[in-house]
Amino acid sequence: MNQYNLRSDEVVIIKHNRIARGGIMASYSDELILTNLHLILISKSIFGKVKNTSRFPVDEIKVFNGKAQTILGKRANGTPQLEVYFTNGQEFFGFESKKVVKDWIKAINQLVSGQDAVIGGFDDRTIPGTEFIASSIKDTLNTVKGVFGKQPVKVSQECKSCGAPISGFEGQFVRCQYCETNQQMK
Ligand SMILES: [Zn+2]
């Protein structure tokens, strides 16, 4: 079961299958998936046929003051959208509910900041189209553990950008305290 062509160390954190992309006439037919490595957008026709798959690396999301540059915005027709700013551009994803956008912002923030806290406060599991796969980064690590068949390992390494010492769990994204570069622990 690898319908999204995930890497062996890639696990799904949250997905939503009623995403609109493009002009105000766009329908909520696309699917958005957040994994520990990518935001994956699956563009579909209104009949559900997959047209295109785009992958946006999580480690290219801009971070400022410890927060991912992802905000709740508005489309031209006033409906909510998730706006994500990457080092080389931005992507907008139309949602039907502001609350769901806020949950996505929380999940993305938690992923890029490498926090080991529960992604709390999801009380909208009944909203159509939303499916929470892992309730916490710990779950994600446990799933990664399942993939590799071993416990998550605490590791230390040098920041790939400035050489400062950083630590975290193997496979986890960690932000360097000194230069704010996101990177995956090896
Ligand atoms: Zn650094």
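Predicted model: local features only at pLDDT ≥ 70, side-chain atom pairs only at ≥ 80, totals over all residues.
How much space lies in the largest pocket? The answer is about 210 Å³.

**Stop 1: the largest pocket**

Select S113, S167, V174, R175 and Q177, which lie nearest the centre of the largest pocket. They belong to a lining of 12 residues. Next, colour β12 (165–169) and β13 (173–175), the elements that give two or more residues to that lining. β12 supplies the largest share, four residues. Sorted by class, the lining holds five nonpolar, six polar and one charged residues.

**Stop 2: strand β2 and its partners**

Move to β2 (30–35). Is this strand mostly covered or mostly open? It is mostly covered, with six of its six residues buried. To see this face by face, select D30, L32 and L34 on one side, then E31, I33 and T35 on the other; all of these are buried, so both faces of the strand are covered, buried being under 20% relative accessible area.

Now show the strands that pair with β2. β1 runs antiparallel to β2, and five bridges join the two. Follow the chain from β2 to β3 and you pass through a hairpin of two residues.

**Stop 3: an open sheet of three strands**

Select β7, β8 and β9 together. These three strands form an open sheet in the order β7-β8-β9, with antiparallel pairing. β7 (70–74) and β9 are at the edges with a single partner strand each, so one side of each has no neighbour in the sheet. From one strand to the next the twist averages 30°.

Zoom in on the pairing of β7 with strand β8 (residues 80–86), which is antiparallel and spans five bridges. Within it, G73 stands opposite Q81 in β8. As background, the strands of a sheet pair through backbone hydrogen bonds, in a parallel or an antiparallel sense.

**Stop 4: salt bridges**

How many salt bridges does a search of the whole structure find? It finds seven. Three of them are visited here, including R7 with D9.

Begin with E91 and R21, whose side chains meet in a salt bridge at 3.0 Å, N to O. E91 sits in strand β9 (residues 89–94) and R21 in the loop between β1 and β2, so this pair ties together parts that are 70 residues apart in sequence. R21 is partly exposed, at a relative accessible area of 27%.

Then select E10 and R55, a salt bridge with an N to O distance of 3.7 Å. E10 lies in the segment before β1 (12–19), while R55 is in strand β4 (residues 50–57), so the pair links parts that are 45 residues apart in sequence. With 5% relative accessibility E10 counts as buried, whereas R55, at 32%, counts as partly exposed.

Finish with R7 and D9. The closest N and O atoms of this salt bridge are 3.0 Å apart. Which of the two is buried, and which is partly exposed? D9 is buried, with a relative accessible area of 16%, and R7 is partly exposed, with 46%.

Conventions
Residues numbered from 1 in each chain as written. Heavy atoms only, no water. 1 Å grid on protein atoms, 1.4 Å probe; cavity = no way out; pocket = protein on both sides within 12 Å on 5 of 7 lines; lining within 4 Å. Points joined across faces, edges and corners; volume = space filled by probe spheres on them. Nonpolar A, V, L, I, M, F, W, Y, C, P; charged D, E, K, R; others polar. Salt bridge = Lys/Arg side-chain N within 4 Å of Asp/Glu carboxyl O. Buried < 20%, exposed > 50% of the residue type's maximum accessible area, 1.4 Å probe, protein only. Pairing = 2+ DSSP bridges. Axes fitted to C-alpha atoms, helices over the stretch in contact; angles between N-to-C directions.
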